[in-house]
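Colleague: I'm new to this one. Can you put it up and walk me through a few side chains?

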Amino acid sequence: LNNGLLTAEEVISAAIKRYDQDLAPIESVEAFVRQIIGWREYINGMYWFLGPEYKELNGLAAKKELLPLFVDSSKTKMNCVKQVVAQVETRAWTHHIPRLMILSNLALVTGTNPQQFLDWMREQFIDAADWVMVPNIIGMGVHADGGRLMTKPYAAGGAYISRMTQYCKGCEYDPKKRVGDDACPFTTLYWDFLDRHKAQFSKNHRMSQQVNGLTRLSDLPELRVRAKKVLQGLSDGTV
């Protein structure tokens, strides 16, 4: 699809045909068709609507250089990131959920420069058509557009990743912890991300509850110290 070898109409018709032949359940076909029509075509339309300057947006003023783990999966101890990047290294592809939940989420909460992250994604993925990557990264992935595509940033901590995936099993970091040497970097940086941008996010009704959660963190000063160590460790390729 993204490389232009198939059209949306062709794949949707094929999926519906499988359902009509009792070869695919309705819930699977419905979800697939909705993903093509409701998201893929929306992204295509928004790419052309938003214009060429959209890819240069940096609404969160993210300035961190691209992390070494993105180009070398051995440069991290985080099991989820190591596995996903390794898959990209060997296949030039990974499912859209790890792209968003792991790769883009990490770029977002670390404050990685969106243009550097976008360039890396376009270079690494076999299906990296410009119209696919620009809205999905600048808009949904790292919220660099200030909410023009999505009304809230897709930021998540380790507990969410643990609940939704199998990556946390065997990892040396604990997704339930936000401070301490064995605290999951995603969990630490999720709260640090909210803390860094609380003035901006407190004005967003979809983020106010998460931002208010900062007031319940008795260990916020310790978390800020831990976040600095994590960010430095990620830059050094030791976390």
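Colleague: How many aromatic pairs does the count come to?

Modeller: The count comes to eight aromatic pairs. Keep in mind that this is a predicted model.

Colleague: Take F70 and F117. How are the rings set, and how far is it centre to centre?

Modeller: The F70 and F117 rings are tilted, with 55 degrees between the planes. Centre to centre, the distance is 5.4 Å.

Colleague: Which parts of the chain does that pair tie together?

Modeller: F70 sits in the loop between α2 (26-50) and α3 (79-91), and F117 is in helix α5 (residues 114-124), so the pair ties together parts 47 residues apart in sequence.

Colleague: Is F70 buried or exposed? And F117, buried or exposed?

Modeller: F70 is buried, because its relative accessibility is 1%. F117 is buried too, at 0%.

Colleague: What about F70 and W120?

Modeller: F70 and W120 form a tilted aromatic pair. The centres are 5.0 Å apart, and the planes make an angle of 50 degrees. This pair also links distant parts of the chain. F70 is in the loop between α2 and α3, W120 is in helix α5, and they are 50 residues apart.

Colleague: And W120 itself, buried or exposed?

Modeller: W120 counts as buried, with 2% relative accessibility.

Colleague: Which residues form one aromatic cluster with F70?

Modeller: F117, W120 and F125 form one aromatic cluster with F70.

Colleague: New topic. How many disulfides does the count come to?

Modeller: The count is zero disulfides.

Colleague: What is the nearest cysteine sulfur for C184?

Modeller: That of C168, 6.1 Å away. C184 is in no disulfide.

Colleague: C80 first: buried or exposed? Then C184, buried or exposed?

Modeller: C80 is buried, with a relative accessible area of 7%. C184 counts as buried as well, at 9% relative accessibility.

Colleague: Last one. Where is H205 found?

Modeller: H205 is in the loop between α9 (198-201) and α10 (208-212).

Colleague: Is H205 buried or exposed?

Modeller: H205 is exposed, with a relative accessible area of 69%.

Colleague: How far apart are H205 and T151?

Modeller: In sequence, H205 and T151 are 54 residues apart. In space, they are 9.3 Å apart, C-alpha to C-alpha.

Technical notes
Residues are numbered from 1 along each chain as its sequence is written. This is a predicted model: local features need pLDDT of at least 70, side-chain atom pairs count only at pLDDT 80 or more; totals for chains, interfaces and linings use all residues. Side-chain values use heavy atoms; hydrogens and water are left out. Rings of Phe, Tyr and Trp (its six-membered ring) pair if their centres lie within 6.5 Å; planes under 30 degrees apart count as stacked, over 60 as edge-to-face and the rest as tilted. Helices (H or I, at least four residues) and strands (E, at least two) are DSSP runs, numbered from the N terminus. Buried means under 20% relative accessible area, exposed over 50%, partly exposed in between (1.4 Å probe, protein chains only). A disulfide is a pair of cysteine sulfur atoms within 2.5 Å.
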